[in-house]
Amino acid sequence: MQGVADNTIRREIPRQTFRSLAWRRFLRHRLALAGTVIVVAIVLMAVFAPWLAPHDPNHVDIMLAREGPSSGHPLGSDLVGRDVLSRLIFGARVSLSVGLLAVGVYVVIGLILGCVAGYFGGWVDMIVSRLVDAVLSFPSLMLILVIVGLLGPSVLNIILVLGFLGWPEMARIVRGQTLAVREELYVLSSEAAGAPSGRIVFKDILPNIMSPVIVNATFGVARAILIEAGLSFLGMGVQPPTASWGNMLNDAQSLSILETMPWMWVPPGLMIFIATISINFMGDGLRDALDPKLN
Amino acid sequence: MSDFVEAKSPVLSLRGLTTVFKTDLGVVKAVDGLDLDLPAGATLGIVGESGCGKSTVGLSIMRLIPEPPGRIACGEMLFEGEDLTKLSNREMRFVRGNKISMIFQEPMTSLNPVLRIGEILSGVIRAHQKVPRKMAWEKSIEALDKVRIPSPHIRINDYPHEMSGGMRQRVMIALAICCDPGLIIADEPTTALDVTIQAQILSLLGRIKKALGTSIILITHDLGVIAENTEKVAVMYAGRLMECAETEALFDSPLHPYTQGLVLTVPRLGSRKEKQSRLNVIPGLVPNLLSLGPGCHFADRCNQVMEVCWRQKPEICMQDEKHLVRCWRYA
C-alpha cells in the first residue's frame, strides 16, 4: 500500500536527470545555441547538396571563366568556369566528412588506449604514455605533408593521417579521467561484486568520462576542418575536380585574383571561418553544460 | 548462544594475515599477523579506532588491497577450506560478489551514477550466473524485495541519485546478497546514515543472516552496534588483534586494558548521578604505524602498563577456551 502511495507522488515530480539538466544549461548558452543552428544548417547543406546546388559543381564552361556574380551564378564562376556557389555547397561535404571521420578515428584510438592505460596502469600505462609523448613530439604539419606526399593526396588519406596523428591528446585526456574515475567507490564496489574488467571499463568508467571526450572531440572537428583547408590550399589535400573549401582558396594564391576577383576566395574563406567558429561555440556550450562541477 | 558458535566449524579462518603498505617513509604493517575464526552463520564484529587496520582486513579478504603500494605479505585466508591467498585473479573474481561480498561505508558514492539500479544488479548477477537478461532482471527485483525496498519493480528503473542514502544502502545490500554468498563483509555499513536508518539497516542485515544462513563480518568503531548485532568480537589496535571473545563475555569482562577503556568510553544514560559529568576517554592517540616500539603498541596509553610491556611484544594467550587476549597481565 505504501508503495502505491509512493508512486503517485513520484509521478508528479519531473525527472531531473543529468541529461535534462545539461540540456537546459546548453539552451541557456546563447552563442552555443547559435553555433549549433549554423552547424545543423551546414550539415543539412552538405547532405542535400545535389538538390541545393544550382549547377553541377564540376561542370567546366570555359565561356564562363572568371565571370563575376550574376543572376544565373550568384557567386560567379572560377578560373575554368565552374559555378562557385555549387562548389561551395558541395565543399561542405568534404570539410564535414574529413572533420567527423578524422575525429572519429582518433576518438576510438584515444578511448581504447587511454582507458587501457589508465585502468590497468603498470607497464601498459608506461608504454602508452611513452607512445603518446613520442607522437606528440613529431612536428605534425611536416609529418602530415610527408605522409600525404608519400600516400598521395586524397580525402581518405587525409582522414587517416589526421586520425592517426590526433589520438595522443585524446588518449591523454582519457587516461587522466580514467585514473580519477578508477578511484571512485563505485568502481571498487563493482570489483568487490566480481564484475569482469571489461564491464568495469565499459559500464563504470567510459560513461563517466564521456563529457570531456565529447567536448574535446567537438573542438577536434573544427581543428580537422582547418587542417584540411590548409592542406588543400597548399595543394596537398583534396584534389580538383572534387570541390573543397580549401582547394577553392588555392586559386587565391595568385595576386591578381586576390585583388580583382574576390568572389572566388571570399566565400570559401568565410565558410571555413563560420563553420569552425560555430563548432567551437558549440564546444564551449557543451563544455559548460557537461561540466559536473557546475551542477 | 555459546553452543551455537561452538557447533559449527569456521567458515573463514585467518592465519597470520599480514598486509603491508609501502610508503615513502617505510613499510607499514596495516594488519600484523592476524589470527581470526568466523563461525559459520555468525556475525563477527571487528572493532577499533580509526587507522587500526579494520578496513584493511576486509579488503584483504576480498583481495582488493590496491597493489602497489599494498600487498598481502604473508598468512593464510581459509574460506570454505580454500586458501584465498593462493587463488588466481580470475578465480578470485568468481569469489567476489558470489561467495564473499562486501558492503561499503558510503552508499552515496558506491553506485555508478549513470546506470539504473536494475542494470547494476543484473550486471552482477550475470557476471556470476549464466542466466538470460530477463531472468537476471527478475532476480534483481527479487533481491530488492528481499531488502524491503517498496515497489521494487518500479524502483529498479531508478538512477542512484533518485534514492536516499538509506535506500542506496539497501541496494548495496541487495547487491551483496543477490548471488547468495556465504560471507558478507560489511565495512561500517551504517556510519554515513542517521540513527533510525542505521537501526533499520542493521536489523535488515540480521534478518538476511537468519534467512540465508550467511556469515557476516561487521567492521565498525561503534561498540553499541557491536553489542547488539554480533556474536563474536575482535578488538584490533595498530594492526594487531588485542582481544577476541564472544560478545557477551567481552562486554561482561573485558580483559585487555584497551578493551576496558573502549567499553568505558561508551556514554551511559544516568551516569551523571555517579557524579561523572565528563565522558571517559582513552588518553593519547593511535600510534604512528611507522614508528612502533618493540613492545606492546598500546603501552604508552595503557593505565596498567608494566615494565615488560615496553620491552617485549606480548603474545596472544588463551584466557579461557573462547577468550583470547594479547596482554602481559594475563601471560
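Between which helix and which strand of chain B is the loop with D180(B) found? The tour returns to this residue below; the model on display is a predicted one.

**Chain A as a whole**

Begin by selecting chain A and colouring it by secondary structure. Chain A contains 13 helices and zero strands, so read from the N terminus on, its elements run α-α-α-α-α-α-α-α-α-α-α-α-α. Its C-alpha trace spans about 80 × 50 × 25 Å along the principal axes. Of the 295 residues in chain A, 41% count as buried. Among contacts in chain A with a separation of 6 or more, 69% are made by residues 24 or more positions apart.

**A helix pair in chain A**

Next, select residues 197-233 of chain A, which form helix 10, together with residues 262-290, which form helix 13. The axes of these two helices come within 8 Å and cross at roughly 170°. Helix 10 of chain A is therefore roughly antiparallel to helix 13 of chain A, because crossing angles over 145 degrees are placed in that class.

**Where chain A touches chain B**

Bring chain B into view and turn to the boundary between the chains. Here 21 residues of chain A are in contact with 26 residues of chain B. On the side of chain A that touches chain B, the elements giving two or more residues are helix 1 (2-12), helix 9 (185-192) and helix 10 of chain A. Select helix 9 of chain A in particular: with six residues, it gives the most to that side. The residues of this side of chain A divide into eight nonpolar, seven polar and six charged.

**The two domains of chain B**

The domain assignment gives domain 1 as 2-99 + 181-293 and domain 2 as 110-178. Taken over C-alpha atoms, the centres of domain 1 and domain 2 of chain B are separated by 27 Å. The contact takes 15 residues from domain 1 of chain B and 11 residues from domain 2 of chain B. Select residues 195-212 of chain B, which form helix 8: seven residues, the largest share of the side of domain 1 that touches domain 2, come from this helix. That side of domain 1 of chain B divides into 12 nonpolar, three polar and no charged residues.

Two stops remain, both concerning backbone geometry. Most residues other than glycine have a negative phi.

Select D180(B), found in the loop between helix 7 (165-177) and strand 7 (183-187) of chain B. Its phi is near 50°, a positive value in a residue other than glycine. D180(B) counts as exposed because it has 12 C-beta neighbours inside 10 Å.

Finally, select A238(B), in the loop between strand 9 (232-237) and strand 10 (240-246) of chain B. A238(B) also has a positive phi, of about 50°, although it is not a glycine. Is A238(B) buried or exposed? A238(B) is buried, because 22 other C-beta atoms lie within 10 Å.

Technical notes: Residues numbered from 1 in each chain as written. Chains lettered and ligands numbered in written order. Predicted model: local features only at pLDDT ≥ 70, side-chain atom pairs only at ≥ 80, totals over all residues. Axes fitted to C-alpha atoms, helices over the stretch in contact; angles between N-to-C directions. Helix = DSSP H or I, 4+ residues; strand = E, 2+ residues; numbered from the N terminus. Parallel < 35°, antiparallel > 145°, perpendicular 65-115°, else oblique. Buried ≥ 20, exposed ≤ 12 C-beta atoms within 10 Å, placed from the backbone. Domains from an automatic or database assignment. Contact = placed C-beta atoms within 7 Å. Nonpolar A, V, L, I, M, F, W, Y, C, P; charged D, E, K, R; others polar.
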